[in-house]
Amino acid sequence: MEPPQRPEERSRPGSTSQPASHRLPIGKLVVAVAVVFGVAAFFAFDLGRHLTLSALKANKDALRAYTDAHYAVTVAIFITAYCVQTALSLPGAVIFTLTGGFLFGTALGTVYVNLGATSGAVLAFLTARYLFRDGVERRFGEKMDAIQRGFGRNAFNYLLTLRLIPLFPFFLVNLAAGLTRIRLSTYTAATAIGIIPASIVYANAGSQLGRIESLRDVASPGVLGAFALLGLLALVPVAYQRLKR
């Protein structure tokens, strides 16, 4: 009978056991499969057909009646659905925000939109960080260091600018931020504050749904320019610090 293998022998090339660092990352696999399944289900069942302006107008009476009869349930469903949509980076954020304004009014609609969008953005951020950041840092470690340091010094202002200026897709900012070392609290605060202006504009438009014929009626050049100006103003403290140094 052969003597049992010693611990150091089990990790040798000829051994059938694998070191812990080379084992299958079950947790990451589960998360990745869940995300892929959610996105695939959205497109497989063509759920996007419900997230259009025409679909919202066609169902507005039924939505209003259900909200009047089950207000608390509607709020919970709305926030949860918005959170899932944002977490999975699915299309439809504008229609969700218009719906929030239509069902709950400008003020409460903005609050519920902010809760759903911020929660979903945090989940997307954490997912990207969990799945990809370690691999990216291993692959581009030295090149990423300078970017990480530069972004980290003024992370709140940079992220606030990205949220305010509509040129940067919301989902890309979520995923890119997850690859940085920005603190979760900073990311959450900048996201929650940065989406307020757009949430107010679209929720207010939703409260006047009958007047909207196209999404272009909401996102006028003047409105987009105002968002861009707010985003640039968020960079003023950063510019001041640089000039001061």
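**Labels and their cut-offs**

Reader: Why does Tyr-187 count as buried?

Author: Its relative accessibility is 0%. Buried means under 20% relative accessible area, exposed means over 50%, and partly exposed is in between (1.4 Å probe, protein chains only). So Tyr-187, at 0%, goes in the buried class.

Author: Two bits of housekeeping. This is a predicted model, where local features need pLDDT of at least 70 and side-chain atom pairs count only at pLDDT 80 or more, while totals for chains, interfaces and linings use all residues. Residues are numbered from 1 along each chain as its sequence is written, and side-chain values use heavy atoms, with hydrogens and water left out.

Reader: What makes Val-30 exposed?

Author: Val-30 has a relative accessible area of 52%, and that is over the 50% line, so exposed is the word. Val-30 is in helix α2, residues 26-44; helices here are DSSP runs (H or I, at least four residues), numbered from the N terminus.

Reader: What class does Thr-118 fall into, and what does it touch?

Author: Thr-118 sits in helix α6 and has 9% relative accessibility, so it counts as buried. Beyond its neighbours within four places in sequence, Thr-118 is in contact with Thr-188, Thr-191, Ala-192 and Ile-195.

Reader: Which residues have the most contacts inside the largest nonpolar core?

Author: Leu-53, Phe-78, Tyr-82, Leu-98, Phe-104, Leu-209 and Ile-212, in a core of 20 residues. A nonpolar core is a set of buried Ala, Val, Leu, Ile, Met, Phe, Trp, Tyr and Cys residues joined through side-chain atoms within 4.5 Å. Helices α3, α5, α6 and α11 each supply at least two residues of this core, and the largest share, nine residues, comes from α6. There is also a second, separate core of twelve residues, including Ala-155 and Tyr-158.

Reader: How many aromatic pairs are there by the ring rule?

Author: Eight. Rings of Phe, Tyr and Trp (its six-membered ring) pair if their centres lie within 6.5 Å; planes under 30 degrees apart are stacked, over 60 edge-to-face, and the rest tilted.

Reader: Why is the pair of Phe-78 and Phe-104 called edge-to-face?

Author: Their ring centres are 5.5 Å apart, inside the 6.5 Å limit, and their planes meet at 70 degrees, which is over 60, so the pair is edge-to-face. Phe-78 is in α5 and Phe-104 in α6, 26 residues apart. Phe-78 is buried at 5%, and Phe-104 is buried at 8%.

Reader: Which rings make up the aromatic cluster?

Author: Tyr-71, Phe-78, Tyr-82, Phe-96, Phe-104 and Tyr-112 form one cluster.

How values were computed:
Contact = heavy atoms within 4.5 Å.
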